[in-house]
Amino acid sequence: MSTAIPRAVSVDGPGLERDLAAWSAAPEPARFPYLPVVGAYHAVGKHFVAASVLKHLDVARSALSQTTDIQTPDIDPEAPRLAAFLDVLLDKFDERYDYQTYLALSLLPMPDGGESPLQAATAGDAQRQHDRLLVQLGTDALAFELAALDGDTGLFPHLRPDPPVAAKRCRLGLRSLGPALERLGLAEDLEPALRPGRQGDPLSAARQICARVRADASPGERRVVDLSVLPVWTSHDEYLFIRVLQAFETRFALLAVRLRAALAALAIGRPRTAAAEVRNAQAGLEESFRLFSLLATMQVASFQEFRRYTEGASAIQSRNYKLVESLCRIPDEDRLDSAAYRSVPELRERVLQGQPNLDDAVWLACRANELTPAEREDVTGALHGFAARVVQWRQTHYSLAVRMLGDRPGTGYTEGTPYLRQARGIPVFQKTDQKSDPGR
């Protein structure tokens with residue numbers, strides 16, 4: 001089965017504008033010219049899309065909103081998907097471009113156990129949702145590397161890496177996806193290169209797994225993959241950059257589900273289950289470290305080239321990361337008043353309104369003598385293990401950022417590596433820190 005990138009479509013500018021004008025005159029969501037529009041964005045990068053195309057897309061968005069109430073439950077299910085897609089396409093046009101729209105996060109079916117901890121009993125389902133999305137995003141990145149290596153795509157031709165780098169990316173990419181592929185039953189009978197510590201041809205293994213995952217995906221899942229990578233320029237490495245950041249976001253969304261499940265277990269007097277969920281979160285975070293090795297293959301020159309056009313978007317705006325952070329403990333006042341939390345006002349408000357967190361929940365349970373000594377040791381030990389991995393994750397992130405950025409300021413109007421250096425030391429938990437006794 002082919003692993004070709006389906007978004008490589010020929011784009012006729014005036015023809016696309018005529019198609020968009022015709023669609024706006026009779027807006028039917030299912031008939032929207034998705035792939036030609038994506039092709040226009042891929043041809044030059046989001047930052048350089050012609051103003052005339054953007055204006056036609058804006059008219060299409062208005063036509064959609066005037067003819068369809070996307071809040072009505074029984075409407076065409078394609079309407080809200082199209083509305084989200086148009087909003088991602090028009091972020092720079094609207095001057096609201098940020099990290100969420102850069103990564104097209106509104107288009108990705110992130111794991112979600114519900115906003116209330118008591119709704120988070122779906123951690124198993126969320127794990128499967130995470131695994132499917134992760135392998136689809138990851139193998140799409142590898143399929144692009146293979147297509148470029150084979151000369152099967154002309155997309156994003158600037159600063160392409162040498163063939164040995166493409167092979168290394170395939171090897172590291174397969175390693176990062178290995179646990180999820182195993183859980184999904186998609187790793188059987190693959191080339192030995194897929195498995196840690198084995199020898200084999202990573203290119204051959206990557207071709208196998210890319211074809212297998214694409215064939216396993218539903219039409220809706222393929223649509224998500226096809227529409228959710230919109231680089232700002234035509235640099236080859238930005239494709240990998242976007243997919244890895246999307247994978248990290250998917251991982252942190254799952255961590256939030258796990259931590260909510262732990263809170264739900266504590267609320268019904270099941271501390272052992274809570275400890276197990278925190279350890280599940282730790283295991284998931286440990287898996288994510290493999291993505292750093294893949295991201296480290298990005299060329300510094302390429303990164304510094306395309307990031308010139310990402311001003312306004314920064315990982316400091318990540319909602320999922322701060323959701324995990326705030327489920328661990330209440331952020332300090334200066335942290336809540338920082339750009340990091342003010343970039344996600346709905347989450348900040350929920351924290352201010354008393355969102356439950358593990359630090360308080362465990363401390364209160366210990367103070368009320370609701371846990372036996374063994375249960376208290378189990379739960380606090382799980383929190384300490386998770387906290388140690390979070391600190392390690394921050395340090396690894398910081399080290400990679402220093403390599404890529406040096407002393408340059410960050411995007412999203414942030415100070416860059418100095419911010420990351422300071423953020424490394426933020427306590428993950430406080431009341432249940434090893435230096436204190438939560439039972440006092």
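**Basis.** I worked from a predicted model, in which local features need pLDDT of at least 70 and side-chain atom pairs count only at pLDDT 80 or more, while totals for chains, interfaces and linings use all residues. Residues are numbered from 1 along each chain as its sequence is written, and side-chain values use heavy atoms, with hydrogens and water left out.

**Positive phi.** I looked up E95 and found its phi near 60°, a positive value in a residue other than glycine. I placed E95 in the loop between α4 (78–89) and α5 (99–102); helices are DSSP runs of H or I of at least four residues, numbered from the N terminus.

I then turned to A104, a residue other than glycine whose phi is positive, near 55°. A104 lies in the loop between α5 and α6 (123–150). I noted A104 as buried (under 20% relative accessible area), with a value of 1%.

**Largest pocket.** I recorded a volume of about 400 Å³ for the largest pocket. A pocket is an open set of points on a 1 Å grid where a 1.4 Å probe fits, with protein on both sides within 12 Å along at least five of seven lines; lining residues have an atom within 4 Å of a point. Of its 20 lining residues, Q100, L105, S106, M110 and R319 are the closest to the centre. I listed α4, α5, α10 (236–267) and α13 (319–328) as the elements giving two or more residues to this lining. The largest share, five residues, comes from α10.

How values were computed. Buried < 20%, exposed > 50% of the residue type's maximum accessible area, 1.4 Å probe, protein only. Points joined across faces, edges and corners; volume = space filled by probe spheres on them.
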